[in-house]
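Welcome! Please have a look at the structure before you start.

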Amino acid sequence: MATEAPPVVLPEIEHADQTDSKTSFEPGFLVICWDDPINLMDYVTHVFQEVFRWERQRAEKHMLEVHHKGKSVLTRESLEKAEFYVHQLQKYNLHATMEPNQ
Amino acid sequence: MKFIGRNEEQLVFEMTAREKSLFLAILGLYPQVPESHHRLSQQVDLPDAQANQRLLEESVKAQKAESQKWITTAFKEPDRFKPGKTGFYLTIKRPELEMLLQIFNDVRIGSWLTLGSPAAGQKKKLVPNPQTAPFIQRMELAGAFEMFFLKTIRDEAADTTA
């Protein structure tokens with residue numbers, strides 16, 4: 001049985017001092033869309049598609065959740081990204097806010 | 001108002017003189033929703049809550065100023081409305097549809113806010129009087145244009161996926 005020679009170059013082990021764990025593991029902020037009696041259902045679906053680049057089916061699922069349950073959590077993000085999405089949704093006059101994910 | 005056709009960059013609609021006049025009248029009412037209408041969060045203890053709220057309002061204000069400027073210039077362009085057999089042909093660039101949707105929705109929501117934000121069931125029972133009638137009319141007209149453009153976008157998406 002042949003014995004293997006030790007490798008000439010040992011693989012470098014990278015120490016991940018800076019990882020993207022901030023976005024993955026920190027609680028972050030929830031971007032929530034709340035129900036209101038004025039925005040049209042089709043309009044809300046369209047806005048979700050535009051802002052999040054979602055397929056119509058996914059956008060409709062969240063729109064129906066807003067309609068039936070009073071709110072829908074659209075995404076969980078870092079502070080800056082959550083702010084960005086809330087700005088985008090409010091540009092269309094949707095009732096959207098960001099809340100700490102507790 | 002009818003959707004006539006499109007190419008890669010723009011869409012063409014046909015409208016009567018009356019529809020054109022209503023279309024421009026509703027656009028002329030923009031903006032109706034105050035910048036302070038939206039809150040960034042329901043929590044008051046967010047980091048830099050006040051500063052971020054102010055930033056949000058400034059951003060909304062800047063965006064509305066831009067849209068208002070677009071309204072005042074875009075619909076004076078000579079190629080925007082071309083005379084047709086039954087009225088006019090309106091040409092809209094694809095990204096402008098999004099702006100139109102935001103504008104009509106703003107007028108619709110602003111009128112609803114002025115009417116005291118009636119709940120869904122109450123909206124149908126709104127009785128027009130000299131004070132409320134203009135706002136009910138604006139809300140309904142803006143809604144009709146909004147639904148028309150939403151349908152156009154939906155049909156267009158269905159055509160491209162078919």
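**Exercise 1.** What percentage of the contacts in chain B with a separation of 6 or more is accounted for by residues 24 or more positions apart?

*Solution.* Begin with the ground rules. This is a predicted model, in which local features need pLDDT of at least 70 and side-chain atom pairs count only at pLDDT 80 or more, while totals for chains, interfaces and linings use all residues. Residues are numbered from 1 along each chain as its sequence is written, and chains are lettered from A and ligands numbered from 1 in the order in which they are written.

Next, settle the term: two residues are in contact if their C-beta atoms, placed from the backbone, lie within 7 Å. With that, the share in chain B is 69%. For chain A, the corresponding figure is 70%.

**Exercise 2.** Describe the make-up of each chain.

*Solution.* Helices (H or I, at least four residues) and strands (E, at least two) are DSSP runs, numbered from the N terminus.

- Chain A: there are four helices and three strands, in the order α-β-α-α-β-α-β from the N terminus.
- Chain B: there are five helices and four strands, and their pattern along the sequence is β-β-α-α-β-β-α-α-α. Its C-alpha atoms fill a box of roughly 60 × 40 × 35 Å along the principal axes.

Now for burial. A residue is buried if 20 or more other C-beta atoms lie within 10 Å of its own, exposed if 12 or fewer, and partly exposed in between, with C-beta atoms placed from the backbone. By this count, 30% of the 102 residues of chain A are buried; for the 162 residues of chain B, the value is 22%.

**Exercise 3.** Find out how α2(A) and α3(A) pack.

*Solution.* Take the geometry first. Axes are lines fitted to C-alpha atoms, for helices over the stretch in contact, and angles run from 0 to 180 degrees between N-to-C directions. The angle between α2(A) and α3(A) (residues 56–69) is about 130°, and their axes are 8 Å apart.

Next, classify the angle. Under 35 degrees counts as roughly parallel, over 145 as roughly antiparallel, 65 to 115 as roughly perpendicular and the rest as oblique. The two helices, α2(A) and α3(A), are therefore oblique to each other.

Finally, look at who takes part. Among the contact residues are Met41(A) and Phe48(A) of α2(A), and Met63(A) and Val66(A) of α3(A). By class, this contact has six nonpolar, four polar and two charged residues. Here Ala, Val, Leu, Ile, Met, Phe, Trp, Tyr, Cys and Pro count as nonpolar, Asp, Glu, Lys and Arg as charged, and the others, Gly among them, as polar.

**Exercise 4.** Which element gives the most residues to the side of chain A that touches chain B?

*Solution.* Start with the totals: the contact takes 19 residues from chain A and 26 residues from chain B. On the side of chain A, the elements giving two or more residues are α2 (41–52), α4 (79–91) and β3 (96–100). The most comes from α4(A), with six residues.

Buried residues in α4(A) include Ala82(A), Val86(A) and Leu89(A). Their cover includes β1 (29–34) of chain A, together with α2 (49–74) and α3 (94–114) of chain B.
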